[in-house]
Amino acid sequence: MLELEHGFRVVDVHARLDPDDGAVVASRGREVSPERLQREMHQAGVVQSAVAPGSRPAGEGYLRANNAVARLSVDRPFCAFARLNGPRDPGESPVSRLRNLAAAPADHHTDPGDVEQYAYDSRLHGFVLDPVNDGLPTEETLEQVADAGEPVLVHGGRGFPPSAVADALLEYGFPVILSSFGGYPLDRALMGEAMELLDSYDHLYLDTAFVRFRDVLETGLLEHPDRVMFGSGAPDTHPDVGVMEVLTLDVSEDLLDRALSKNAARVIEGLAPGADA
């Protein structure tokens, strides 16, 4: 792909970096090395990207993968996030609630001590939750996340809709960046629900990854200009695609600048100007 030329500083709050390429090829069919991800970000004009490991096999924790991503981010334009897991079912049904009453963390689940270690690691700048694939951490672990005060990127969607995000996470008060406007994959109704939540929670933000509805993106920016952040979803999609979709919105340059950089820089220290120097 040709390099994009635009006059904006662009940072990305949502990218995946897998430390073991062999596993990526086996599970996703595409090799994505740190070098390739860095090259694709450069082509899109992205100066800094928040990265976290992809999903691991059942029964395997994220400690090694998180440490590897943090190590691979050094001297690269990457801002490493630690991915967390847990024993609780993210569903909202009575069966899920019953299961959670008896849920106990296993050895591979993230515990409060892990979060405390991540918070003290200067190479890590936030956390990632994917409740459908990884389960929800315990309440004690989430309280430790709140004490850390770092932002949390949350993978939402039909298996973990905005209402579940509100019930399970927003009470803790840490900054939550809800991926894909809460509607992955392409669920316009859920995206609308997520935008409605912005009126009630001033620590909730939405990222643009895989949001292909221009009117949804434009409405989000016009009605909530400080709460929308660019996320590419790379490497599942080339960051050029996401950048171009934002750049072609019918909104002012000021709103584009907020979405592409300023909003994220305010919430994620590692993406602020100077962090990419």
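Modeller: A surface patch here is made of residues with over 30% relative accessible area and no salt bridge, with like charges joined within 9 Å. Keep in mind that this is a predicted model.

Colleague: Which residues form the negative surface patch?

Modeller: Glu92, Glu116, Glu139, Glu140, Glu143, Asp147, Asp167 and Glu171 form it.

Colleague: What makes this patch negative?

Modeller: Asp and Glu count as negative, so a patch of these residues is a negative one.

Colleague: Which helix gives the largest share of the negative patch?

Modeller: Helix 7, residues 139–148, gives four residues. Glu140 is found in that helix.

Colleague: Why is Asp130 called buried?

Modeller: Buried means under 20% relative accessible area. Asp130 has 10%, so Asp130 is buried.

Colleague: Where is the place of Asp130?

Modeller: Asp130 sits in the loop between strand 4 (124–129) and helix 6 (131–134).

Colleague: What makes Arg83 and Asp130 a salt bridge?

Modeller: The cut-off is 4 Å between a side-chain nitrogen of Lys or Arg and a carboxyl oxygen of Asp or Glu. The closest N and O atoms of Arg83 and Asp130 are 3.2 Å apart, so the pair counts.

Colleague: Which parts does this pair tie together?

Modeller: Arg83 lies in strand 3 (residues 78–84) and Asp130 in the loop between strand 4 and helix 6, so the pair ties together parts that are 47 residues apart in sequence. Arg83 is buried, at 5% relative accessible area.

Colleague: Which side chain besides that of Arg83 does Asp130 meet in a polar contact?

Modeller: The side chain of Asn133, at 2.8 Å.

Colleague: How do you know that Arg36 and Glu40 form a salt bridge?

Modeller: Their side chains meet at 3.3 Å, N to O. The limit is 4 Å, so the pair qualifies. Arg36 and Glu40 are four residues apart in helix 2 (residues 34–43), separated by about one helical turn.

Colleague: Are Arg36 and Glu40 buried or partly exposed?

Modeller: Arg36 has 31% relative accessibility and counts as partly exposed. Glu40 has 5%, under the 20% cut-off, so Glu40 counts as buried.

Colleague: How many salt bridges does a search of the whole structure find?

Modeller: The search finds 14.

Conventions
Residues are numbered from 1 along each chain as its sequence is written. This is a predicted model: local features need pLDDT of at least 70, side-chain atom pairs count only at pLDDT 80 or more; totals for chains, interfaces and linings use all residues. Side-chain values use heavy atoms; hydrogens and water are left out. Patches are made of residues with over 30% relative accessible area and no salt bridge: like charges are joined within 9 Å, nonpolar side chains (Val, Leu, Ile, Met, Phe, Trp, Tyr) within 5 Å. Accessible areas come from the Shrake-Rupley method with a 1.4 Å probe; for residues, only the protein chains shown count as cover. The place of a charge is taken as NZ of Lys, CZ of Arg, CG of Asp or CD of Glu. Helices (H or I, at least four residues) and strands (E, at least two) are DSSP runs, numbered from the N terminus. Buried means under 20% relative accessible area, exposed over 50%, partly exposed in between (1.4 Å probe, protein chains only). A polar contact is a pair of N or O atoms within 3.5 Å; within protein, one must be able to donate a hydrogen and the other to accept it, and residues adjacent in sequence count only if both atoms are side-chain atoms.
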